[in-house]
Amino acid sequence: QVQLVESGGGLVQPGGSLRLSCAASGIVFRIYDMGWYRQVPGKQRELVAAIRSGGSTNYADSVKGRFTISRDNAKNTLYLQMNSLKPEDTAVYYCNTVPALVGTVFGSWGQGTQVTVSS
């Protein structure tokens with residue numbers, strides 16, 4: 001059974017940092033390109049950071065230079081280091097394959113982790 005469990009969100013002041021984690025099970029994690037997506041109410045889920053199985057990374061322009069995606073294939077875990085957070089980064093953050101197969105082709109999206117940036 002495929003399972004993605006996100007954690008690490010919370011309330012942080014503008015300019016602060018958070019580190020998100022995603023524990024994956026039920027998939028051969030190391031062979032998949034993985035990504036962090038975020039969603040705010042009333043808007044579509046957007047991909048903000050991606051890391052290929054080989055380790056190369058890509059970022060949305062809105063987070064480039066502030067967010068860093070990484071993975072630990074031995075632990076089946078995906079990470080997102082978020083620095084210099086802005087109020088517009090407030091969203092529920094999810095991990096998934098790239099493209100998003102979990103929740104579309106098989107399994108279900110994880111519950112996500114809420115990130116709130118506010119003073």
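Predicted model: local features only at pLDDT ≥ 70, side-chain atom pairs only at ≥ 80, totals over all residues.
**Entry 1: Thr77**

I started with Thr77 and found its place in strand β8.

Is Thr77 buried or exposed? I looked up its relative accessible area, which is 11%. Buried means under 20%, so Thr77 counts as buried.

Next I wanted to know what sits around Thr77. Skipping residues up to four places away in sequence, I found that Thr77 touches Ser21, Cys22, Ala23, Phe29, Arg71 and Asp72. I also checked the polar side of things. A polar atom of the Thr77 side chain lies 2.8 Å from the backbone oxygen of Lys75.

**Entry 2: the core**

Then I turned to the largest nonpolar core, which has 28 residues. Which of its members touch the most other members? I got five names: Trp36, Leu78, Leu80, Met82 and Tyr93. I also looked up which elements give two or more residues to this core, and wrote down β3 (18-25), β4 (34-39), β5 (46-51), β7 (67-72), β8 (77-82), β9 (91-97) and β10 (113-117). The strand β3 gives the most, with 4 residues.

Now for the backbone. I reminded myself that most residues other than glycine have a negative phi, and that most peptide bonds are trans. With that in mind, I went looking for exceptions.

Asn76 was one: its phi is near 50°, a positive value in a residue other than glycine. I found Asn76 in the loop between β7 and β8. Its relative accessible area is 26%, so I noted Asn76 as partly exposed.

Where does Ser84 lie? I traced it to the loop between β8 and β9. With a relative accessible area of 40%, Ser84 is partly exposed.

**Entry 3: a cis bond**

Last stop for today was Pro99, which lies in the loop between β9 and β10. What is the peptide bond from Val98 to Pro99, cis or trans? I checked omega, and it is near -5°; the bond is cis.

Technical notes. Residues numbered from 1 in each chain as written. Heavy atoms only, no water. Core = buried A, V, L, I, M, F, W, Y, C linked by side-chain atoms within 4.5 Å. Buried < 20%, exposed > 50% of the residue type's maximum accessible area, 1.4 Å probe, protein only. Polar contact = N/O pair within 3.5 Å; in protein donor to acceptor, adjacent residues only side chain to side chain. Contact = heavy atoms within 4.5 Å.
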